[in-house]
Amino acid sequence: MCGLTGCWVAPERAGTLDRDAECMCRAILHRGPDDGGVWADADSGIALGFRRLAIIDVSPAGHQPMASESGRYVVTFNGEIYNFAAIRASLGDAVPWRGHSDTEVLLAAIERWGIQSAIQRCSGMFAIALWDRQERALHLIRDRLGEKPMYYGAFDGALLFGSELKALRAHPSWRGKIDRAALSLYLRHNYVPAPYCIYENVRKVVPGTIVTFRDRTAAPETTQYWSALDVAERGVRDPLRGDDAESVAQLESLMHRVIGDEMVADVPLGAFLSGGVDSSALVAVMQSDSTLPVKTFTIGFDEAAHNEAPHAEAVAKHLGTQHTELYVTARDAMDVIPRLPQIYDEPFADSSQIPTFLVAQLARQYVTVSLSGEGGDEFFAGYNRYFWGERLWRRLERVPRSARSIVGRTLLGVSPAGWDSAFEAASAVIPKRFHTATPGGKVHKVAAFMSADSSDELYRGLMTHWRDPEAITSAAEPETVLTRAADLPSFGGVVNRMRYFDMVSELPDDILVKVDRATMAVSLESRAPFLHPDIVEFAWRIPPSQQVRDGQGKWLLRQVLYKYVPRELIERPKMGFGVPIASWLRGPLREWADALIADDRLRREGYLAPELIRKAWDDHQAGVTDNSHLLWGVLMFQAWLEAQ
């Protein structure tokens with residue numbers, strides 16, 4: 001996995017290059033405790049730094065920064081190239097190989113085919129900083145879906161870059177000022193979407209792009225080497241033509257190949273197992289291809305609504321894995337909260353960050369690499385909002401917006417707790433596919449957007465936290481991939497459009513950020529086979545009838561899973577991976593939260609308008625509504641601000 005960083009300064013300031021780069025490296029020691037290094041060229045003013053978590057070729061031959069055979073290129077590379085053996089074979093024996101790392105293969109590929117062509121041949125997760133000594137150019141490269149992070153920013157004539165913001169902050173030129181427009185985006189999404197950053201003058205490399213600096217003080221060039229939009233549109237135009245059995249066989253074969261490639265490691269390897277469709281399918285294929293029991297990990301909670309451990313245990317027992325589970329208390333989970341600002345660098349408010357960190361911490365006691373099921377929901381149509389949204393929009397578009405607005409206000413007239421009670425009382429007559437852990441919150445969320453004028457607006461509404469962030473921050477939101485016309489797909493279909501929006505927004509900027517920071521905080525590499533480009537391209541060719549059937553998503557993936565695991569071990573309402581933030585904010589976290597959002601404190605800091613926040617807090621405490629999704633975002637910003 002690892003972490004990279006570096007700086008490009010004026011040659012007259014190069015006297016401290018090595019020292020500054022070393023300092024930046026120490027800030028991300030957790031990403032790579034096994035080895036580290038700095039390469040500097042004082043004449044050019046450039047330094048590259050690296051911290052290594054040794055996974056492939058743990059010998060000194062895998063040390064970074066690494067120079068190409070000709071000496072033209074120097075690279076720091078965070079991630080894994082899963083098809084590096086095939087690329088190495090294509091390059092042939094003419095290359096004087098020094099070791100067997102994927103980093104060396106990457107450099108040789110770049111020298112042979114050029115940067116963009118080489119990157120397009122790489123299947124994997126990666127963030128790359130590549131210095132071209134001949135052209136005196138710096139290339140910052142990020143993988144297709146954004147599994148690995150890359151920040152860059154210019155301060156006082158110094159260009160800084162790295163895997164995490166804490167590396168940039170360690171440089172003496174750093175000057176961090178909060179970007180209020182990015183703060184507005186954060187309050188809407190509970191994360192800061194790329195390319196924006198919570199700090200002014202800092203940006204994230206967008207997934208699937210190469211950002212090239214030919215001058216440290218000039219604006220960079222951006223090249224898109226892979227387009228999520230193109231992949232989605234091609235797939236929808238050219239769906240799978242086979243029958244159900246043929247499609248299942250294709251997916252199963254593809255999963256065996258991809259997962260097999262991602263099980264290659266020179267260190268102990270395992271998998272996260274929740275007992276849900278994605279992780280169970282992943283582990284089932286892993287175990288079927290392994291001669292030894294696969295190490296699997298899950299955490300459990302005493303709160304039944306959030307506890308998936310019994311389901312994971314049942315699946316593990318059936319598959320014969322070497323399973324480890326750990327039950328954690330509410331206090332164990334809450335003890336993670338003070339660490340979150342340091343772990344996540346930017347304000348980040350997906351509350352499942354807490355159990356994700358805990359399961360990563362558990363796994364790291366036994367393995368160095370863990371596979372996980374990220375991407376399964378997005379690419380195989382698993383989220384409830386896809387098929388709920390499709391059914392809802394079919395009905396909504398037949399009704400005038402004015403009438404829908406009245407219905408919405410009526411639904412909002414009953415508290416979420418009231419809806420929860422109503423659903424519980426009627427559970428015997430409500431179809432199983434409509435069962436969910438928090439029905440009241442979902443009713444309120446849907447009701448708030450009854451007046452949407454398109455399914456895209458419905459999606460944005462469902463994914464919104466604070467509906468009017470500008471009222472809180474006094475700063476307008478910049479455009480994102482969800483609002484720019486050029487980024488919208490041409491195909492129809494509510495499910496497919498929602499899947500696409502998730503692929504380019506929530507997946508890279510929420511889910512993958514959550515997993516990267518949580519696992520790297522404990523020096524654990526996480527791999528997500530469902531994000532492999534071959535699986536992504538295949539998934540976009542799945543026709544609607546094989547995505548959602550009988551009101552249930554992931555139909556095709558489920559058919560593969562049922563070859564290995566009995567249906568009855570899997571079929572249950574989707575639970576999610578969370579913690580009871582709503583009740584904690586009314587109980588053990590109340591004092592902590594109340595202090596962070598005190599009116600006088602908010603006025604003194606000057607970033608957030610206290611009146612709206614106080615009303616949301618008071619309504620939540622009174623049980624009028626569940627505002628935890630709003631308040632957690634504010635609290636994570638306040639906790640982050642306090643830690644600066």
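A disulfide here is a pair of cysteine sulfur atoms within 2.5 Å. With that cut-off in hand, here are some close-ups of this predicted model.

**View 1. Cysteines without a bridge.** The structure holds zero disulfides. Cys 7 is in no disulfide, and the nearest cysteine sulfur, in Cys 25, is 9.6 Å away. For Cys 23, the closest cysteine sulfur is also in Cys 25, and at 9.4 Å it is too far for a bond.

**View 2. An open sheet of six strands.** Follow the strands in the order E4-E5-E6-E7-E11-E12, and you will find antiparallel pairing. Strands E4 (66–67) and E12 (221–224) stand at the edges; each has a single partner strand, so one side of each lacks a neighbour in the sheet.

View 3. Strand E4 pairs with strand E5 (residues 73–81) over two bridges in the antiparallel sense. Look for Met 66, whose bridge partner in E5 is Val 75. Helix H3 (residues 102–113) packs on the sheet and touches E4, E5 and strand E6 (124–132). The direction of H3 makes about 125 degrees with that of E5.

**View 4. His 620 and its neighbours.** This histidine, His 620, belongs to helix H29 (residues 610–622) and is buried, with a relative accessible area of 0%. A polar atom of the His 620 side chain lies 3.0 Å from the backbone oxygen of Ala 582. Leaving aside residues up to four places away in sequence, His 620 touches several others, including Leu 585, Arg 586, Asp 626 and Leu 631.

Notes
Residues numbered from 1 in each chain as written. Predicted model: local features only at pLDDT ≥ 70, side-chain atom pairs only at ≥ 80, totals over all residues. Heavy atoms only, no water. Helix = DSSP H or I, 4+ residues; strand = E, 2+ residues; numbered from the N terminus. Buried < 20%, exposed > 50% of the residue type's maximum accessible area, 1.4 Å probe, protein only. Polar contact = N/O pair within 3.5 Å; in protein donor to acceptor, adjacent residues only side chain to side chain. Contact = heavy atoms within 4.5 Å. Pairing = 2+ DSSP bridges. Axes fitted to C-alpha atoms, helices over the stretch in contact; angles between N-to-C directions.
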